[in-house]
Amino acid sequence: MTSETLFEEAKRVIPGGVNSPVRAFGRVGGTPRFIERGRGAYLWDADGRKYVDFVLSWGPLILGHCHPDVLEALMHQASLGTSYGAPTRLEVEMARMVCEAFPSMEKVRFVNSGTEALMSAVRLARAATGRDLVVKFDGCYHGHSDCLLVKAGSGVLAQGVPDCPGVPGAVVSSTVVLSYNDTQAFEEFMGEHGREVAAVVVEPVAGNMGVVPPERGFLESARDQTRRHGALLVFDEVITGFRFCYGGYQHISGITPDITCLGKIVGGGLPAAAFGAKAEIMNLLAPVGPVYQAGTLSGNPLAMAAGIATLRVLREQDPYRELARNMAVFANGIGQAAREAGIPVTVNVMGSMATVFFTRGPVRGLADVEAADTALYARFFHAMLDRGVYLAPSPYEALFVSTAHTPDIIDRALAAAHEAISSLSP
Ligand code: KE4
């Protein structure tokens, strides 16, 4: 069966043929590639075609596909059982590793997805402060829990409106959406409503509108304003956790949040995510405190085994300088090729994640992102796919590299980019 036939078959039994919308190629058109296997920096699809993978499962596979240490840990644990619904030593080891890497966390709880981590963090912040209001920023995505599936509404309070049907207005009436990197608007809002705010939730480096770094002063203001008004600062480090360093963006920025959410890399490619904070806050969670939060497969032994193996490699090998260099070569190489072909482009690179925006001028927030040429991105995406390079099938996502993306693999992908760009020129 090829991707074409698999896609037709899938659509008969799965909405849109996919289990997560972005996989359906809706932003770029065409047929999603059904993947048979991955190894290192590569993917193979149902038609036997090979690709250099710059999606890496949307971030988790910082060590590439089938890293031997991760495989060995998984196969060993699988031979002992896959899930017990009871505590294990693996969870203790993983929790210790995460708390050592994130000193802002004295305690951590594992869940199965970033959505669960953020949903739980919001409930915890509301319980800790006795307040309801949550502030988020446009262009940031924090999973699909109702209270965070919100888009900027109109009106003075910037009150959120549901981002889709099925989300009750009453649920999002306590969510406020402000503009990412608009420090002045944020400070004005907090000056008026800060005492009502339970939490300010932010991607410290935005990855879900494409990569948009924080402007100087933005995160500092978030930290200052939340502290000043008794609200909690929640860093959504689902993408950035262990992406730039053996820790989070909080280590690079020097800004310490009250609650940190992790996902993706922390599960090593298996379903695992986490949220953590000082013990005083985390002990509000059942069974110690009254805030209920639970999960059948939370802290699952297989996911813990893959996560521990992944973090061990990152801690021992510290590959971050090389990861950042390889991403810079690739992303900036694409930018240079586009400019030489007379195509306006802005490339935002942060460590080993990046986004190529076909636009003029800086991309500092959602308005800039939405002004970019997404049709041209779609053409570039397919020109690269045809040349064996698998980029994000959406202009609003990040590209990633792994430790398996060696300089010569990067160079070959960049050669394909030069050809792809040439094919775009008018
Ligand atoms: P999950 O529930 O998908 O594990 O995590 C939600 C989430 C939370 N926070 C951030 C910063 C995230 O990026 C995500 C999920 N990211 C998307 C793509 N950027 C996952 C891909 C998908 O939805 O299929």
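Hi everyone, let's start at the ligand: one of its oxygen atoms sits 2.6 Å from an N or O atom in the side chain of S20. I'm calling that a polar contact, meaning a pair of N or O atoms within 3.5 Å. Before going on, please keep in mind that this is a predicted model, where local features need pLDDT of at least 70 and side-chain atom pairs count only at pLDDT 80 or more, while totals for chains, interfaces and linings use all residues. Residues are numbered from 1 along each chain as its sequence is written, and side-chain values use heavy atoms, with hydrogens and water left out.

Back to the site. A nitrogen atom of the ligand is 2.7 Å from a side-chain N or O atom of D236, and an oxygen atom of the ligand lies 2.9 Å from a polar backbone atom of G114. How much of the ligand's accessible area does the protein cover? The protein covers 85% of the 540 Å² that the ligand has on its own, by the Shrake-Rupley method with a 1.4 Å probe.

There are 16 residues around the ligand, and S20, T115, N208, D236 and E397 come nearest; a residue counts as near if one of its heavy atoms lies within 4 Å. By class, this shell has 5 nonpolar, 7 polar and 4 charged residues, with Gly counted among the polar ones.

Now to the strands. An open sheet of 4 strands runs in the order β1-β2-β3-β15, with mixed pairing. Its edge strands, each pairing on one side only, are β1 (35-39) and β15 (389-390). Strands here are DSSP runs of E of at least two residues, and helices are runs of H or I of at least four; two strands pair if DSSP finds at least two bridges between them. β1 and β2 (residues 42-45) pair in the antiparallel sense over 4 bridges, and G38 stands opposite L43 in β2.

Finally, the aromatic rings. Rings of Phe, Tyr and Trp (its six-membered ring) pair if their centres lie within 6.5 Å; planes under 30 degrees apart are stacked, over 60 edge-to-face, and the rest tilted. That rule gives 13 aromatic pairs. In one of them, F7 and F34 are tilted, 6.2 Å centre to centre with 55 degrees between the planes. F7 lies in helix α1 (residues 3-13) and F34 in the loop between α1 and β1, so the pair ties together parts 27 residues apart in sequence. Elsewhere, ring pairs link F137, Y180, F186 and F218 into a cluster.

How values were computed: A polar contact is a pair of N or O atoms within 3.5 Å; within protein, one must be able to donate a hydrogen and the other to accept it, and residues adjacent in sequence count only if both atoms are side-chain atoms.
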